[in-house]
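The structure is shown first, and the description follows.

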Amino acid sequence: MKLSTGGSVQTDIKGRISEPVERTFDVVGRPVKKIDSMGMILGEPVYTDDMAPSNVLIVKILRSPHAHAVIKRINKDKALKVPGVKLILTHEDVPRVPFTRAGQGYPEPSPYDTFLLDRKVRYVGDAVAIVAGETEEAVDEALRQIEVEYEVLEPVLDFEHAMDEGMPVIHDEPDIKGVYNPSRNIAAHYEMSVGDVEEVLKNCEIVVEGTYYYPRSQHVMMEPHAAFSYLDSNGRLVVVSSTQVPFHTRRILSRIFSIPIGKIRVIKPRIGGGFGAKQAMIVDAYIAAVTLKTGLPAKIVYTREEAFVNTYTRHLMRFTVRVGADRNGKIKAIDMKGLSDTGAYGDHALTTFMVAGSKTLPLYNKVEAVRFSGDVVYTNHPSAGAFRGYGAPQGLLALESVVDQLAYELGMDPVEIRKMNAIREGESSPIFKIMGEGREGVEQVVESCKLHECIEKGMEIIGWKEKWNKKRIEGSKVLGVGVSIAMQGSGIAKVDMASATIKMNDDGSFNLLVGATDLGTGSDTVLAQIAAETLGVDVEDIIVYSSDTDMTPFDTGAYASSTTYVSGNAVKKAAEEVKYQILEAAAEFFGEPMDNLHIEKKKVVSKSGKSVTFADLCTTLYYGSDQRQIAATASFVGEVSPPPFMASFAEVAVDTETGEVELRKFVSVADAGKALNPELALGQLYGATVQGLGATFNEELRFDSRGRPVNASLFTYKIPSRGDHYINNIECHLVDSYEPTGPYGAKSIAEIGIDTPAVTVLNAIYNAVGVRLNKVPVNPEELLKKMEEKK
Amino acid sequence: MIGTSFSFYTPSTERELLITLSKGALPVAGMTDVMVKIRTGKMKAKALSSVSRIESLKGVQMADDAVTIMAATTYTELLENKGLKWRLPILLDAVSEIGSTQIRNRGTLVGNIVNASPAGDGLLVAYLLDGNLEICSNEGCRSVDVRDFVKGPGQVALAPGEYIRSVTLKIPPKDSLYAFVKVGQRSAMAISVASVGVLLRLNAGTIEDFRIALGSVAPTVVRPLELERNLVSLKMEDGLFKTLAGELMNYISPIDDIRASAWYRREVVKRIVENLSVYLKGVEKQ
Ligand SMILES: Cc1cc2nc3c(=O)[nH]c(=O)nc-3n(C[C@H](O)[C@H](O)[C@H](O)COP(=O)(O)OP(=O)(O)OC[C@H]3O[C@@H](n4cnc5c(N)ncnc54)[C@H](O)[C@@H]3O)c2cc1C
């Protein structure tokens, strides 16, 4: 038995809960089945749209056919005459309050450049009117009957020229806030440096440089954005929404409609995936506007095309990286200069850009000087936003390509150069302190880092020693191997706060109420495991409820790889407090000192031989003597954000006749701290890897010369499927690790897997055919052309 | 969602099918092309009549020199047909790469031919195997070569009131080598950028029979008969495929589209043909 008695909660100065010395666990570390999976598998009504009342008004949005235009006139008379149509709202009818849809800490580091409806439209698909009616047919007909007169403006479509003098200005409205330089279409700007980069570079024996692009891809979560709203019997606004951020949604709605937070309730049911696309208030304000105006329930469910165009995409980014080193491969300076395309609105603009540096540069922490700078620009494309990896895949594609260039220029093994320069356990990086998310970061020493073990294990699986630098040819195909390393974070230090409430029931079960937002990841299960482990009960004894702004305590939400680490620590703290209360009550019950007692299999047992079950103890407390509810609420803010680390390897076969790339093997080995649920953790790693491979081989949202999306459907935008050749060639592993600040040793795992696939495959292609592609998705035609040019 | 409504008939005999066709219905099979077209507004139909439940239009009939595939036979049924494995392996190679399991469970070879896409994989094989269609109407049945039937992209010689009963494919000469190569940006559920099908029969190093068909490089599948004939009786020598690849370029007229450029299409076809020996396979014995 672990977790002996431990009467009081041990915390150190920083408020961290100290670990029991022995690290054997009963519940964590086991592949417990997802506690909510059965209902989903059986098709129970668990998702937002399943739960909407039947008399709900259907809400749809009239969308702009132009990338950049001013609305001169809207005539809704005809549309209002369509039978069944209840309400049509245009920019003339809704409050004009600037806000950001981004669900982030408050005040948000994203500019307030968005209005519920505006006079101006800034991308093909921007909202023009909200239409509500009794049936979908009526609403569709009304959408056709609304007459809009536009003054069409020149669009800004090339992000590399968005800042040019004389370009049309996308945000010229005077009442926006927090935009870096609207007149030059710059949403955000950032620069930082440590040491004198130019000087150090000048003195380096070798300097390599490269420019790389990562595309605008889309999350393609299976459940599109959906929400419904109604007024409860006390006139409060209730919104049921498929969101990663219920508390932020409540706050943003309060801002837009000027109603007190206390008059709004946001409920999150099961979510069919989000990947960042739901780290925002996307649809909720549309239905809230209808419900507030009519008093009637209203519902919106996005079509797949809307999910592609009207939510978020990944930020298209370009990075030029210079790396300076000595002849032995010791990296001395890194300079990263970037440009990011945030589309029409600046959601997550600054923060994703900063993460491209803050979650990559510390990997090479032994540099003498480092600089990171650049701009995030507006264009007349759909708004970019949060997407798994959050800038890190974009930054890493460039950085790890250029480090690879350096290795080959020096004639070094690309693995060796990484081993030599990469961060190790017990080390730090100045970047941690300088670059946070949208502001300064937090100093931290990396207390768990098994990156070198990850590299070793990955090398072995791919057969690096036998394969690297050996010309291997099979018919028209040339084989090659590539490597890259990565890191992420675990929540945002000193920003992300989570809390949990646990209350005991008279059968010995516990309600665990968390604001943490399981979006399909299985975090409810992991949090139940943490509570069960701490309380000495089974997972089945923990009843999880997440999340509901009326019922559950605050949590910033599911993003930034925060739930296991931040919310998990909050759950652990709450459980420790409940455990203390249980022991205290039992001590009174037995008339013995607390030191005599410990918890064992849902019982409190005394050295004296007495014991009482949780059920009996709680029943006594409910109905007998000393009546009270055992319950506790605890919160947690990360003092640090311990990074998970990972090494990835790819083996490719490049067809020299067609330029087609076959991925023979892809291996990712990660240090996620202790995996509290290895099955779910690996599920995250595999999922992220596959999603990253999608961007590597196929995924890119494309637009025509007038800014109209050309592949915003699952018929034309291809995400990985079972039929893809590489799907069975992926292997993911976790190494043994233990993060002292994590709940039972855990760090994060949800995002890191998506960072490496693109760059690892590009590095392998270079190893095979000596051609360095500077963007994904890999285009066979471009590769063939470049192989030709090389000849 | 579909934005248009239509009547849908499911006749169980060819007689009933003809009645529905006389009312203006369009004959359809797996509807894997039709539904996509209707949904994207590229096709309008008042009424569809499905051949899928007509027993007499199901199955495969084997003769000594040819195989007749009935119109309602799905790709999956072809793949499961053991007799086709050694008679028409190139057909199975092509079919096994079409779409996905779901698409193959519904899609038909006849549907692929009538769809007349220059990228149609089944159509390419029908060109290569001298496919012949049995077209029926109230007036009776006629037979037409696939090559004469296809007039252009999406254009075929099918009159209102007519339906296709079957397609007959010739079994290539014994011991023919074959190759089916499809180049695409993705291995699953994507239209190919270019495709090449070849049949070659050698006799002691001399070419006895040679056929080649190319997909996605012209408005219709290309089968350069004249070029094929010129190869017959030649010795199979090094450099022959290279010369062939060069000459083939005069027969194709690829275009730039979002999937690939004309340059790339030419280039991959040239390279595949130059290296045909790598792709050619023998027929597995019975
Ligand atoms: C996701 C997806 C992937 C695909 N991948 C491929 C691929 O890799 N390669 C490829 O070649 N194709 C592919 N296709 C296209 C399609 O599956 C094929 O063209 C299929 O063979 C069409 O057959 P069907 O039975 O579904 O035809 P239908 O859609 O039913 O009909 C197609 C056309 O044929 C006509 N027709 C059908 N039967 C008859 C008949 N008996 N008499 C007269 N006219 C008739 C119809 O009127 C229509 O014009 C794909 C399609 C999808 C949706």
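A salt bridge is counted here when a side-chain nitrogen of Lys or Arg lies within 4 Å of a carboxyl oxygen of Asp or Glu. In this predicted model, R271(B) and E788(A) meet that rule, with their closest N and O atoms 2.4 Å apart. The rule finds one salt bridge across the interface of chain A and chain B. Six residue pairs in polar contact are also found across this interface, with both residues at pLDDT 80 or more. On the side of chain A that touches chain B, helix α20 (residues 780-790) gives the most, with five residues. That side of chain A is made up of six nonpolar, nine polar and ten charged residues.

The extent of the interface is as follows. Contact involves 25 residues of chain A and 21 residues of chain B. About 1900 Å² is buried between the two chains, and carbon and sulfur atoms give 49% of that area. In chain A, the residues that lose the most area to chain B are E657(A), K718(A) and E781(A), which together make up 30% of what that side buries.

| Property of chain A | Value |
|---|---|
| Helices and strands | 20 helices, 27 strands |
| Box filled by C-alpha atoms, along the principal axes | roughly 85 × 75 × 50 Å |
| Residues that count as buried | 64% of 791 residues |

The radius of gyration of chain A is 27 Å, which agrees with a compact globule, because a globule of 791 residues would have a value near 28 Å. Among contacts in chain A between residues at least 6 apart in sequence, 80% join residues at least 24 apart.

Note on methods:
Residues numbered from 1 in each chain as written. Chains lettered and ligands numbered in written order. Predicted model: local features only at pLDDT ≥ 70, side-chain atom pairs only at ≥ 80, totals over all residues. Heavy atoms only, no water. Contact = heavy atoms within 4.5 Å. Buried area = accessible area lost by both parts, 1.4 Å probe. Polar contact = N/O pair within 3.5 Å; in protein donor to acceptor, adjacent residues only side chain to side chain. Helix = DSSP H or I, 4+ residues; strand = E, 2+ residues; numbered from the N terminus. Nonpolar A, V, L, I, M, F, W, Y, C, P; charged D, E, K, R; others polar. Rg over C-alpha atoms; globule rule 2.2 N^0.38 Å. Buried < 20%, exposed > 50% of the residue type's maximum accessible area, 1.4 Å probe, protein only.
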